[in-house]
Amino acid sequence: MSSAKIERGQERFENWANWSLAHSSKTGYPKACAFARMYRADAGDTWEGIEPDESRPAVDEDDADFVEAFVRRLPLSNRRCVLAFYIAREAPVMSARRFGLSRQRFYALLDEAAEWLAESACKISRPE
């Protein structure tokens, strides 16, 4: 496996995860865990030192939309690992145990999916 391809795939998964969390009603993924949704901040509350417009990284929406379709077509074992790691933000040790995998196998499935994504020729790029 090429580490450069894996890193590129990981970047695209991160972009997709940020997009998915912001558009959870469209993708069906939860925006936050049930406990976090119970908290209702007062108007104007932000994390200390972070202005509201800086709270989310910029997202390439075209690529995120493509990655969404790509994830839906992944084999189940890869898809479960990708969703647990990038969307649920679950600890890899916990996910691996839940799926009956070793931690090394869990990471191998993530890397395999990232490499496949990086090799995908269908990336939609926006003109700069």
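Residues count as buried under 20% relative accessible area, exposed over 50%, and partly exposed in between. The model shown in these views is predicted.

**View 1. The ring of phenylalanine 85 against that of tyrosine 86.** At 24% relative accessibility, phenylalanine 85 falls between the two cut-offs and therefore counts as partly exposed. Tyrosine 86, in contrast, is buried, with a relative accessible area of 4%. Phenylalanine 85 and tyrosine 86 form an edge-to-face aromatic pair, 4.9 Å centre to centre and with 80° between the planes. Tyrosine 86 is part of helix α5. Beyond its neighbours within four places in sequence, tyrosine 86 is in contact with Gln10, Phe13, Glu14, Trp16, Ala17 and Leu110. The C-alpha atoms of tyrosine 86 and asparagine 15 are separated by 9.7 Å, with the two residues 71 residues apart along the chain.

**View 2. Aromatic pairing between α1 and α5.** Six aromatic pairs are found in a search of the whole structure. In the pair of phenylalanine 13 and tyrosine 86, the ring centres are 5.2 Å apart and the planes stand at 35°, so the pair is tilted. Phenylalanine 13 belongs to helix α1 and tyrosine 86 to helix α5 (residues 76-87), so this pair ties together parts that are 73 residues apart in sequence. Phenylalanine 13 is buried, with a relative accessible area of 0%. One aromatic cluster is formed by Phe13, Trp16, Phe66, Phe70, Phe85 and Tyr86.

**View 3. The largest nonpolar core.** In soluble globular proteins, nonpolar side chains tend to be buried together. Here the largest nonpolar core has 25 residues, and those with the most contacts inside it are Phe13, Trp16, Val67, Val71, Val82 and Tyr86. At least two residues of this core come from each of α1, α4 (61-73), α5, α6 (92-99) and α7. In the protein as a whole, buried residues make up 30% of the 128 residues.

**View 4. Helix α1 along its length.** Helix α1 covers residues 3-22, and at 1.5 Å a residue its 20 residues should span 28 Å; its end C-alpha atoms are 29 Å apart, which agrees. The buried residues in α1 are Ile6, Gly9, Arg12, Phe13, Asn15, Trp16, Ala17, Trp19, Ser20 and Leu21. An α-helix has 3.6 residues a turn, so residues three or four places apart point the same way. Among the buried positions of α1 are Ile6, Gly9, Phe13, Trp16 and Ser20.

**View 5. The crossing of α1 and α7.** Two packed helices are described by the angle between their axes and the distance between the axes. The axes of α1 and α7 cross at roughly 90° and come within 7 Å. On the α1 side, the contact is made by Lys5, Ile6, Arg8, Gly9, Gln10, Arg12 and Phe13. On the α7 side, the contact is made by Asp111, Ala113, Ala114, Glu115, Leu117, Ala118 and Glu119.

**View 6. The packing of α6 on α7.** The axes of α6 and α7 are 9 Å apart, and the two helices pack at an angle of about 100°. The range of 65 to 115 degrees counts as roughly perpendicular, and α6 and α7 are therefore roughly perpendicular to each other. Pro92, Val93, Ser95, Ala96 and Phe99 of α6 meet Arg103, Phe106 and Tyr107 of α7.

**View 7. The surroundings of phenylalanine 106.** Phenylalanine 106 is placed in helix α7. Phenylalanine 106 is buried, with a relative accessible area of 0%. Not counting residues up to four places away in sequence, phenylalanine 106 touches Cys81, Phe85, Pro92, Ser95, Ala96, Phe99 and Leu101. From C-alpha to C-alpha, phenylalanine 106 and asparagine 78 are 8.5 Å apart in space, and they are 28 residues apart in sequence.

**View 8. Serine 120 after α7.** Serine 120 lies in the segment that follows α7 (103-119). With 17% relative accessibility, serine 120 counts as buried. Its contacts, leaving aside neighbours within four places in sequence, are with Arg12 and Phe66.

**View 9. The whole chain, for orientation.** The secondary structure comes to seven helices and zero strands. From the N terminus on, the elements run α-α-α-α-α-α-α. Of the contacts in the protein with a separation of 6 or more, 73% are between residues 24 or more positions apart.

Technical notes
Residues are numbered from 1 along each chain as its sequence is written. This is a predicted model: local features need pLDDT of at least 70, side-chain atom pairs count only at pLDDT 80 or more; totals for chains, interfaces and linings use all residues. Side-chain values use heavy atoms; hydrogens and water are left out. Helices (H or I, at least four residues) and strands (E, at least two) are DSSP runs, numbered from the N terminus. Buried means under 20% relative accessible area, exposed over 50%, partly exposed in between (1.4 Å probe, protein chains only). Contact means heavy atoms within 4.5 Å. The expected span of a helix is 1.5 Å times one less than its number of residues. Rings of Phe, Tyr and Trp (its six-membered ring) pair if their centres lie within 6.5 Å; planes under 30 degrees apart count as stacked, over 60 as edge-to-face and the rest as tilted. A nonpolar core is a set of buried Ala, Val, Leu, Ile, Met, Phe, Trp, Tyr and Cys residues joined through side-chain atoms within 4.5 Å. Axes are lines fitted to C-alpha atoms, for helices over the stretch in contact, and angles run from 0 to 180 degrees between N-to-C directions. Angles under 35 degrees count as roughly parallel, over 145 as roughly antiparallel, 65 to 115 as roughly perpendicular and the rest as oblique.
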